[in-house]
Amino acid sequence: MCSPTYGGSGVVATELGRFLAERGNEVHFISAASPFRLQSVTSPNIFFHEVQSISYPVLPGEMHGITIASKTVQVAQDYDLDIVHAHYAIPHAISAWLAREVSPRQCKRFKVVTTLHGTDITLVGRAPSFFPIAQFAIENSDAVTTVSDWLRRETVKEFGIKRDIEVIPNFVDEAIFKRGLPGCKKHYYAPNNEKILMHISNFRPVKRVQDVIQVFARVQKEMPAKLILIGDGPERDGAAQLVRELHLMQHVYFLGKQDHTENFLSCSDVMLFPSEYESFGLAALEAMASENVVVTSNGGGIPELIKQGKNGFMANVGDVDEMARLTIEILRDDERRKEIGRFAREDAHERFHPEKIIPQYEALYDRVLGR
Ligand code: GMT
């Protein structure tokens with residue numbers, strides 16, 4: 001069960017399902033729409049079950065938690081599911097729990113594995129009435145994972161959780177994210193071989209897109225450079241306004257949502273990622289595999305990914321001067337930039353290769369199934 005939209009949790013769920021299917025497991029995606037990275041995948045082991053949205057005049061608007069639970073009851077029965085892996089405590093883990101409770105007694109009682117991606121905690125921060133539901137979902141899953149140790153600690157602290165939570169970090173397929181892809185059209189964006197800076201996000205306030213623009217403005221004063229922004233969300237208009245005010249419009253490309261970010265990362269130089277916090281920062285890991293130098297904040301779980309000065313750089317959240325200084329320094333030294341990019345890819349291979357991470361999920365599934 002996962003979100004189909006552009007966002008790390010849906011990507012992690014899709015990639016996990018893809019690799020599990022390749023390794024001989026039967027995988028059923030249950031989601032409001034086909035997850036965007038699933039659309040190019042074909043496998044006899046992969047099934048997709050669309051959850052219909054229901055609206056009815058006298059019923060309240062948001063019914064997804066209920067409709068996904070109903071769909072899960074059906075799928076579990078039809079395909080004899082062993083495990084439902086819910087990405088997010090709310091709504092998916094609680095919906096999985098509900099689906100199991102209402103499943104007919106003669107059906108197998110599937111296990112519920114929940115992966116927290118961070119958004120659950122933010123949601124509860126914004127709507128405290130979700131607290132008991134999120135806490136219940138975490139306490140009553142058969143296993144819970146987080147994508148970083150920071151998120152594990154936050155979950156324990158925020159929800160007073162006593163149970164075991166396993167940290168299984170995100171991963172990147174380096175066969176997809178790499179340098180020199182033919183889909184990269186550097187000359188479209190940097191016709192005079194200018195340096196390319198990238199930012200990829202859903203433009204939520206937590207991403208601090210204005211900081212991206214401020215860093216870029218400082219870099220642009222020092223050297224010819226272009227900024228590519230991929231994604232869309234609530235902060236996009238504000239970011240465009242700042243670009244106008246700083247007279248940078250002809251150097252900044254707003255490309256909106258893109259399915260193949262690997263093409264852009266394969267020829268950019270620096271990835272700017274100044275988030276307030278990231279529980280993991282999958283977009284930064286994909287940039288590392290693509291040999292970009294990541295310049296980021298030290299918010300949340302980012303220090304578990306970035307080794308200062310070795311595979312990228314961190315500055316304090318909001319310190320755009322320091323981020324700009326680091327970016328300018330690395331862009332002035334091509335040899336060092338390439339060396340850090342190469343090390344970032346090696347490090348991604350060492351620590352976050354699917355072959356290292358997927359077996360951790362398989363071992364967890366075996367454990368909850370008592371195998
Ligand atoms: O970053 C977002 O706004 C999307 C969000 C999501 O729920 O898809 O991403 C979260 O999960 C990703 C996958 O585990 C992590 O890489 C992101 O760091 C995390 N986002 C935040 O913590 C802000």
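How close do the axes of helix α8 and helix α9 come, and at what angle do they cross? In this predicted model, the axes of α8 (residues 209–222) and α9 (residues 236–245) come within 9 Å and cross at roughly 20 degrees. Angles under 35 degrees count as roughly parallel, so that label goes to α8 and α9. As for handedness, α8 passes α9 in a right-handed crossing.

Now for the residues that do the touching. On the α8 side, V209, Q210, I213 and Q214 make the contact, and they meet G238, A239, L242 and V243 of α9. Sorted by class, this contact has five nonpolar and three polar residues, with no charged ones.

Then there is the matter of empty space. Rolling a probe the size of a water molecule over the atoms shows where such space is left. Here, the largest pocket comes out at a volume of about 1200 Å³. Its lining takes in 49 residues, and Y6, G7, G8, Y88 and N202 are the ones that lie nearest the pocket centre.

Which helices supply at least two residues each to the lining of the largest pocket? They are α1 (8–22), α3 (89–102), α4 (119–126) and α11 (282–289). Of the helices, α4 gives the most, putting five residues into the lining.

Methods
Residues numbered from 1 in each chain as written. Predicted model: local features only at pLDDT ≥ 70, side-chain atom pairs only at ≥ 80, totals over all residues. Heavy atoms only, no water. Axes fitted to C-alpha atoms, helices over the stretch in contact; angles between N-to-C directions. Helix = DSSP H or I, 4+ residues; strand = E, 2+ residues; numbered from the N terminus. Parallel < 35°, antiparallel > 145°, perpendicular 65-115°, else oblique. Left-handed = near helix turned anticlockwise from the far one by under 90°. Contact = heavy atoms within 4.5 Å. Nonpolar A, V, L, I, M, F, W, Y, C, P; charged D, E, K, R; others polar. 1 Å grid on protein atoms, 1.4 Å probe; cavity = no way out; pocket = protein on both sides within 12 Å on 5 of 7 lines; lining within 4 Å. Points joined across faces, edges and corners; volume = space filled by probe spheres on them.
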